[in-house]
Amino acid sequence: MKETWKELPIGAIIKEPGTSKRFETGDWRTERPVLDPEKCIHCMFCWIYCPDSSIKVEDGKMEGFLYEYCKGCGICAEMCPTKAITMVREEV
Amino acid sequence: MKVVAKTANEAMAEAMRQINPDVVAAYPITPATEIVQIFSSFVHDGLVDTEFIAVESEHSAMSACIGAAAAGARVMTSTSSQGLALMDEVLYIAAALRLPIVICEINRALSAPINIHCDHSDTMNVRDSGWIQIYAEDSQEAYDSVIQAMKIAEEAFLPAMVTADGFILSHAMQRIDMLEDEEVQAFIGEHKSPYNLLDIDNPITIGPLDLQDYFFEHKRQEADAMMKAPKVIKKVADEFGQKFGRKYGLVEEYRLDDADYAIVVMGSTAGTAKDTVDLMREKGHKVGLLRIRVFRPFPAEEILNALKNVKVVGVMDRADGVNAFGGPVFMEVRAALYESEKKPDVYSFVYGLGGRDVKPVDIERVFQMIMEADKGKKIDRLNYIGVRE
Amino acid sequence: MGVIDIKKIARTEQLFAPGHRACAGCGATIIIRQVLSVAGKDTVVGFATGCMEVVSTIFPYTAWEVPFLHVAFENVAAAISGVETAYRALKKKGKIKKKINFIAFGGDGGTYDIGLQALSGAMERGHDMLYICYDNGAYMNTGIQRSSATPFGAHTTTSPAGKKIPGKMQWRKDLTEIIASHGVPYVAQASPGYYQDLMQKVDKALSIEGPAFIDVLSPCPLGWYYPTKDTIKVAKLAVETKYWPLYEVENGVHRVTVKPRKFKPVEDWLKMQGRFRHLFKEENKWMIEHIQKEVDRRWEKLLKLEEAGL
């Protein structure tokens, strides 16, 4: 149940930052990026060029993708200097 | 308290100085230019702490005011006519964002034809923008109302405009009782914001896209704030009256107790109209006057109560709705009186457009017409007073 | 800042959250991410109405992890100048202590066109703010209508490649130079394809006191008609073909920041994008030559300015 007008914060503001994380955009995808960790050199090109903040980085290492959000644009695969990322068709 | 001679422009600028807002963003326009000029000199002479933004348009003036208010600052501006019209888009946004901005507004006709003199078409144009509107009768009231408006806006979390008639008040010297600076500061108190954009550690998003699932709730919330505003306005006016001796309400009744015929006016015309009422009373006519001081929120209950025993009402609008039905104040007063038992006849009288003088004889004519109507003479629902026919 | 170390930056807090509704392959969200990575969390962002404002803040969802303000389409420069002024007023009174960055973003619609007046005013007044135009060369939010940033020849829905008029017949307005003419301390052109360059420019713009403006080319797969994977390639090729020179104007002095060793013909860039497809018809080929001449001329002019120390 959504809030009534009496319960909403004043002035239509959003009080909490980053709430878009609760909205998953992964199902927009027709192709998914797949990482070959053997080839990855953790250069972070995929990270700096990802439009959807969907590259998982832990301790400075590329650790895969946030599939809940990744829209499958393919930029990461295209820009990867070692071809460590390939795009594969999503199975329904 | 000290007695001074000031125009409404000067008096409103003084009120701004005493309020000492954090930010003023303004663009000059006749006949409100002086307010901006005088306030700029206060800034440049170090009489206020205000940061003044000399913007490149009124649209940017209101936009900067919105930004500053969202950032937790106490914010004011001043404008008139075309300037207010240029702000129109952002006025709605200021209200919906619930930002307590105050405008010192000087009433001037909207183009075309271009004209610099008084009528109310500028503020009528934005009557449904979600702003509180207070129409002053004289410079004293303009001064007092600006001070009250700051406190009202910050308690209701709605923006407010105080209006004074162009040239008639803006440029006419009147006797003003000015409060001491400390009295004003003590009266308005610490600034209150609905939220704060500059709270870096608690980041908020202001002005998101609001779709079918939430937009209506947010507008309902804004409507609720306006419904609660009369209480705030009365409370602030009462406190002002107790402290400083000058009493204000949402409306002002003048010799209405036993009146059969009443006119409704706003702004400086009330002064002329009160004299006319006195004159006609001397001749034995049972006439009276209702002045609407606060037009937004619309004081329907007060109007209904004040006019419930009157036989005929003439509503004088200093703006034309150009709708072939009646002036904007007329429409709303008539709607309010629909709930009265006796349902008095209500007629519309459009007058004074573009600064056309309104004389006692014009007001007397309005009374004569509604008295004749009561005796069975058919008159038009919509009448134009003071125009060459 | 010197060299941008993205390995280091990638360890820091993300300030633009996923879950926003931008199209797949959007260039503008890449720009936002690159900008915020440099600006850091003590930043207030203002946005003009447009794609990015819409996709990043659909109530009750927001992608922003920093304070964010949207007022209307044409007034983000004015609104942020108000915020920045409030900041100064409150700082003076001791109510705020932190140093805060103020960044206004607008698309080319909100910047080149409807918001130009407010932008000019804010730049002239000297507010300590950075204005970033994400320039995708058309009104993408309403469905690809021409703007004064649309390149010559491009097909948009209001400058369609018709039988009689083959696309847009006017050159892109040189907004970067218009803002430079305001005499503000820092103006630049950048591309997300050259992230190092872009991020260094943002860093410089934020460290300089006073107004700064950066015009950033923002490829749009939907409006430029190219596959989503090619966003960065298109962004790079625009630079390599002289369509989008990367340069800065610091205190009135032009400096080209990226000089490709070898330029490619502008045709290579046009060829990648469906919005220029009609240019390759026999009867329209003169337009490609026309564009090549113009980008050459603008590049030469830029070099002359740089050489002259202007």
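Which residue of chain C forms a salt bridge with E78(A)? The partner is K229(C), and the closest N and O atoms are 3.8 Å apart. A salt bridge here is a side-chain nitrogen of Lys or Arg within 4 Å of a carboxyl oxygen of Asp or Glu. The rule finds four salt bridges across the interface of chain A and chain C.

The model is predicted, so local features need pLDDT of at least 70 and side-chain atom pairs count only at pLDDT 80 or more, while totals for chains, interfaces and linings use all residues. Residues are numbered from 1 along each chain as its sequence is written, chains are lettered from A in the order in which they are written, and side-chain values use heavy atoms, with hydrogens and water left out.

**The interface of chains A and C**

In this interface, 36 residues of chain A are in contact (heavy atoms within 4.5 Å) with 40 residues of chain C. Together the two chains bury about 3200 Å², 62% of it on carbon and sulfur atoms. Buried area is the accessible area (1.4 Å probe) that two parts lose on being put together, summed over both. On the side of chain A, the most area is lost by W47(A), I48(A) and Y49(A), together 20% of what that side buries.

**Two helices of chain B**

Helix α6 (residues 139–156) and helix α7 (residues 181–188) of chain B pack at an angle of about 35°, with their axes 9 Å apart. Helices are DSSP runs of H or I with at least four residues, and strands are runs of E with at least two, numbered from the N terminus. Axes are lines fitted to C-alpha atoms, for helices over the stretch in contact, and angles run from 0 to 180 degrees between N-to-C directions. Helix α6(B) contributes Y143(B), I147(B), Q148(B), M150(B) and K151(B), and α7(B) contributes V184(B), F187(B) and I188(B).

**Backbone geometry**

Most residues other than glycine have a negative phi, and most peptide bonds are trans. A12(A) has a positive phi of about 60° although it is not a glycine; A12(A) lies in the segment before β1 (31–35) of chain A.
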